[in-house]
Amino acid sequence: NEGFGPEASSAFLRDTGASLDPESLYVRGEAPGQVHYTRLFWKWSSWKNRRLMAVAERLMHTVKRKRPEAMFAINLMYESVTNPSYALAWLSQDIGEAMKADFDYYSIMAYHRQMGQELQKDGTAIKEMIAKMVEDASNAVGDPSRVLMKVQTIDWKTGKPLENDEVVDLIREIKGVRDVSLAVVP
């Protein structure tokens, strides 16, 4: 429901012809607490994503008028590649829509420790998942060098640096799939 308010409702109505009511975005399932998304929900999520991309494009074009050599990356959560419907529903992100903006880089947050904790998967499963992300993102973007895989180097729970071997092994795994760009974070 992020962004749901009078201004957004008015703009959504103007742009799509559909009015918003929170109850019309969801259908309660049979199990307690179970909720399903309606067609209007997906229309709303897609609309929010397009609006966010429009802001990013305006920003990029404004900067490039002053500095044509400036380069831009769009930051995407890993779900944008691994679970696109979730990314659209929960994060208002759509890698396909981002591709239309023609950013210089498509930055994927491939934070292996975070992913392992969130998805309750071990290191081997996460490495396989990241390798598939590299392949899928490279295919989507078309030029692997424009895919910027962001690699975690700090354990965010403890604040301590990860072992060098852990980070280097992950980078080798990524580079073994495709020759993508890399960023170490932080």
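**Close-up views of a predicted model**

View 1. With a relative accessible area of 32%, Y86 is partly exposed, because the partly exposed class lies between the 20% limit for buried and the 50% limit for exposed residues.

**View 2. Strand β5 and its covered faces.** Strand β5, made of residues 147-152, is mostly covered, in that six of its six residues are buried. The cover extends to both faces of the strand: V147, M149 and V151 are buried on one side, while L148, K150 and Q152 are buried on the other.

**View 3. Pairing of β4 with β5.** Strand β4, comprising residues 105-110, runs parallel to β5 and is joined to β5 by five bridges. Within this pairing, the bridge partner of A110 in β5 is V151, a residue that is itself buried.

**View 4. Pairing of β5 with β6 and the crossover between them.** Strand β5 also pairs in the parallel sense with strand β6, residues 181-185, over five bridges. In β6, V184 is the bridge partner of V151. To pass from β5 to β6, the chain crosses through helix α8, residues 164-177, and this β-α-β crossover is right-handed. M149 of β5, which is buried, stands opposite L182 in β6.

Note on methods:
Residues numbered from 1 in each chain as written. Predicted model: local features only at pLDDT ≥ 70, side-chain atom pairs only at ≥ 80, totals over all residues. Heavy atoms only, no water. Pairing = 2+ DSSP bridges. Helix = DSSP H or I, 4+ residues; strand = E, 2+ residues; numbered from the N terminus. Right-handed = clockwise from strand over helix to strand, strands pointing away. Buried < 20%, exposed > 50% of the residue type's maximum accessible area, 1.4 Å probe, protein only.
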